[in-house]
Amino acid sequence: MKVGWYNAVLQPAFHLPYPDDTLAFVVLSTPSMFDKALKPFVKKERLKIIRDPVDQCVSHHLSGVKEKFPDQKVDIIFDYEILPSRKPKFLAQTAAHVAGAAYYYQRKDVKLDPWGRKKIYGVCIHPKYGGWFAIRGLLLFPDIQVPFLQQSAPVDCVSTEEKRTELLEQFNFHWQDGRYRDIIEVKERYSEEQKAYFATPPAERFRLLGLTRLTE
């Protein structure tokens, strides 16, 4: 994507400090990440894992991508990073939408709003994985300008008013049961082991992976 696509839809406080034509890539993790990336990483690096294993695994692999471009400046922003103001360094779901990776469904996408004064959060849905994926980071190439890159719209896979209402209702008020993830027919979803892992409080996930915290 171009940074300008992202900045164009956000208030200045959330703008990325790069020229509009700067090349960037939104990084997603698919359901197979758990078995193909996380578990092998934990097995290999078990003594070096001192913070969230998924975050550390993603950091490891994106650093590897950066090393593939020794002649290029590559900046990485992770989904969990925040500014001193406590704002996120980038709005992951907005980035995924403008990059064409996943459709960001928001309250404004429902014409007959049934929620009144309630706060309603939006959610991204992927045309292949539904809600069974995550946005992990942003790779930026500050020295590469792509003025002629054409923007592709994300696939609007939850296209009816009824389904959009159901999606936002489930995500905002029943997110723990995960039903919103299956709002469309998906090609792949998290394994039972992976579901159990992400349903476990972060402090207890180390034990599920056979790890112990250094503080224990």
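Predicted model: local features only at pLDDT ≥ 70, side-chain atom pairs only at ≥ 80, totals over all residues.

Trainee: Fine. How many residues does H3 have, and how far does it reach?

Mentor: H3 has 15 residues. From first C-alpha to last it reaches 21 Å, close to the 21 Å expected at 1.5 Å a residue.

Trainee: What goes on at the start of H3?

Mentor: A side-chain oxygen of Asp 52 comes to within 3.0 Å of the backbone nitrogen of Val 54.

Trainee: Next topic. At what angle do H2 and H3 cross?

Mentor: Roughly 90°. H2 covers residues 33–45 and H3 residues 53–67, and their axes come within 10 Å. The two helices are therefore roughly perpendicular to each other.

Trainee: Which residues make that contact?

Mentor: From H2, Met 33, Ala 37, Leu 38 and Phe 41. From H3, Pro 53, Val 54, Gln 56, Cys 57, His 60 and His 61.

Trainee: And by class?

Mentor: The contact has 7 nonpolar residues, 3 polar and no charged ones.

Trainee: Which residues of H3 are buried?

Mentor: Pro 53, Val 54, Asp 55, Gln 56, Cys 57, Val 58, Ser 59 and Leu 62.

Trainee: What covers them?

Mentor: The cover includes H2, strands S1, S2 and S5, and helices H6 and H7.

Trainee: Back to Ser 59. Why does Ser 59 count as buried?

Mentor: Because its relative accessible area is 14%, and the cut-off for buried is under 20%.

Trainee: What is Ser 59 in contact with, leaving aside neighbours within four places in sequence?

Mentor: Arg 51, Phe 78 and Tyr 80.

Terms used: Residues numbered from 1 in each chain as written. Heavy atoms only, no water. Axes fitted to C-alpha atoms, helices over the stretch in contact; angles between N-to-C directions. Helix = DSSP H or I, 4+ residues; strand = E, 2+ residues; numbered from the N terminus. Parallel < 35°, antiparallel > 145°, perpendicular 65-115°, else oblique. Contact = heavy atoms within 4.5 Å. Nonpolar A, V, L, I, M, F, W, Y, C, P; charged D, E, K, R; others polar. Expected span 1.5 Å × (residues − 1). Buried < 20%, exposed > 50% of the residue type's maximum accessible area, 1.4 Å probe, protein only. Polar contact = N/O pair within 3.5 Å; in protein donor to acceptor, adjacent residues only side chain to side chain.
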